[in-house]
Amino acid sequence: MRAALIGAGSIARQHLGCLKNMRGVDLAGVCDLSAATAEAAAERHGVREWFTDHRVMLEKVRPHVVHVTTPPTSYFQLAMAALDAGAHVIVEKPATSTFEELEALTRRAEQVGRVLVENHNYVFNAAPLEIARRIESGELGAVTHVEARVCLDILGSSGFADPNSPHPALELAGGAIAEFLPHLASLAHRFVGPHRTAHTVWTKRKDSVLPFDEFQAVVEGERGTASLGFSASAQPDAFWLRVYGEKMQATANLFETRLTFDGPRPVPRPLRALVNGIDEGSAVQRAAIKTFFRKFKGPCAYEGLWELLGRVYQALDRGAALPITTADVLAVNRLVEDLKPRERRT
Amino acid sequence: MKALVTGANGFLGRHVVAALLARGVEVRALVRPVVDVEALAWPPAVDVFRADLRSARDLARAFDGADVLVHLAAAVSGGEDLQFASTVTGTERLLEAMAGTDCRRLVLCSSFSVYAYGDAGRTLGERSPLHDVADVYGRDGYTVSKWWQERVTRRLTEKHGWTLTVLRPGFIWGRDHAYLAALGQRVGRHHVVIGPLTRIPLTHVENCADVFALAVTDPRAYGKTFNVVDGPGERVWTYLADYMRGTGEVGWRVPVPYFLGISAVRLGFATVFRSATKVPSLLVPDRFESRLKPLRFDNRRLREALGWTPPLDYRECLRRTYD
């Protein structure tokens, strides 16, 4: 299957690194407005040709799949061009700036018989997959509530709050935090289903170019409730996911490999807390060691992206069901739309 | 003559601005939008142009009336992609803007990091081999971005028929910038000194700035590449002792012979880290060599081609750094 990528900076490294290691994928083209960025990506990842004009690349390479990894406000136009060129599209999140644009893209995909997949990578990290497995097996019981909270210093050297060169994400409603809403929304959607209502609080704690640096939401889903949050000030950096089941609770840090379960034990009730504590302690130690060693190789916290891409390509190859359907993408983005701040702040 | 200086408020840039003014060159200092230029106490003659090379829309205006570009801007920290975007894409945008102007000369601040240390003989000179495409992407973000910056600059120079001088400084040091990666590994207050007798390719920031000013004004520098070092370099052990004396830091210096260090790293890499893709720099043989390999350095080409000698000797550099 011929793959091509538009937007060779930053997250593109993870897409290309994954595709390079995927059997049956021909990395045929990479495109960036910066010739140096495109050429460097092609050399680093063994891509056959590089381009600075996506139209030329689509015409010449005729890719089966196009990855769109440019800054978010350009996704719509590029994804549409890729669909028009007859390619399936895997687009970074948030897939579009507005829900109307997303609907237009999905309609176009349906018309041309191609698929549009938005990257919901954290749903495919090992921890959420294991939690989902325990839900499906009945071990965890029905989910009553899910918490997903990102603590990330986007005010520091990440580039989001650089006053010299405004980050493209600042053009989105909610600013830099908007880049993380699809992560939170996709996890809520995975564990409690499509949402019915959402209530949000957007605030700003620190002086910076960001319109907001804190976010909280309470969501009512079809199968339970969710509380979602983002903090640029709470440290250390972490992505906490907690799923409350009727039989068991699961806690994971998606930036690391930590995953613990607190549930019933085949021991007398007074000993349950003790056994759970010992078990949780050793799980945390094992995860810390695993997190340390995985820094030396592979995608680290982007493990879910690699897993997702593997499943998408396999599904496309076999004509099987996709790991993320159009209905999923639309449902997640309906929630994202409701999570956005009502008014823009500068 | 008027020079447009990028990165003008940086550690080297501040001194380059002063050195150019001292040689009677007019300066337009290109700084990022929120830089506090008041703190730099530049004379009123310095014309400040505010722009960020990554995103500014009208960079061509910065070249109005400029005869030569002195391109110092580069990211020295941050993730690999951020460094590439700042250093390489920024250079690409700057030079594309220059192509539409009357400015046809440039002096680029490159780096010793572009050299393939492992392939160098006993002496590292301007003719020593550079990294090639096959191995450069295994290096750290700074090396990749500086290597690419020089590559982009040479390509666009050739395309537009400009005159280019490339200066490759060794370790630039001076006040508040005296602790160098070449010193080995700091462990708390103490220092593991790998190859204590290895010489460091040093250039004090004021000496280095003097070379840039000379390269701007001296036609003998046109079209040439020079390594910038003050001389053969101090030994790591001596420099570190001077550093600790100068800063008042207290700690042990633990010497480890270079061949022991590189042997341990090679062994570790061949066994534990062979399949690893992300390993700390000091544990990768190629990167270990580029920081610590004992080589000889000299500034013969600078001396012979431009008649340059460092204005400040090592003692004076120490005084200006630590007193």
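Visitor: How many residues does helix 4 of chain B have, and how far does it reach from its first C-alpha to its last?

Guide: Helix 4 of chain B, residues 141-160, has 20 residues and reaches 28 Å, close to the 28 Å expected at 1.5 Å a residue. The expected span is 1.5 Å times one less than the number of residues. Helices (H or I, at least four residues) and strands (E, at least two) are DSSP runs, numbered from the N terminus.
This is a predicted model, in which local features need pLDDT of at least 70 and side-chain atom pairs count only at pLDDT 80 or more, while totals for chains, interfaces and linings use all residues. Residues are numbered from 1 along each chain as its sequence is written, and chains are lettered from A and ligands numbered from 1 in the order in which they are written.

Visitor: Which residues are buried in helix 4 of chain B?

Guide: Among them are Tyr142(B), Val144(B), Trp147(B), Trp148(B) and Val152(B). A residue is buried if 20 or more other C-beta atoms lie within 10 Å of its own, exposed if 12 or fewer, and partly exposed in between, with C-beta atoms placed from the backbone.

Visitor: What do the buried residues of that helix pack against?

Guide: Their partners are helix 2 (35-45) of chain A and several elements of chain B, including helix 2 (80-98) and strand 7 (163-169). Just after helix 4 of chain B, Gly161(B) takes a positive phi of about 70°.

Visitor: How many residues of chain B are in contact with chain A?

Guide: 24 residues of chain B are in contact with 20 residues of chain A; contact requires C-beta atoms, placed from the backbone, to lie within 7 Å. The largest share of the chain B side, seven residues, comes from helix 2 of chain B. By class, this side has 13 nonpolar, five polar and six charged residues. Here Ala, Val, Leu, Ile, Met, Phe, Trp, Tyr, Cys and Pro count as nonpolar, Asp, Glu, Lys and Arg as charged, and the others, Gly among them, as polar.

Visitor: Changing topic: at what angle do helix 5 and helix 10 of chain A pack?

Guide: Helix 5 (residues 99-112) and helix 10 (residues 326-339) of chain A pack at about 170°, with their axes 10 Å apart. The two helices are therefore roughly antiparallel. Angles under 35 degrees count as roughly parallel, over 145 as roughly antiparallel, 65 to 115 as roughly perpendicular and the rest as oblique. Axes are lines fitted to C-alpha atoms, for helices over the stretch in contact, and angles run from 0 to 180 degrees between N-to-C directions.

Visitor: Which residues of helix 5 of chain A meet helix 10?

Guide: Phe99(A), Leu102(A) and Thr106(A) do so, and the residues that they meet include Val329(A) and Leu330(A).

Key. Two residues are in contact if their C-beta atoms, placed from the backbone, lie within 7 Å.
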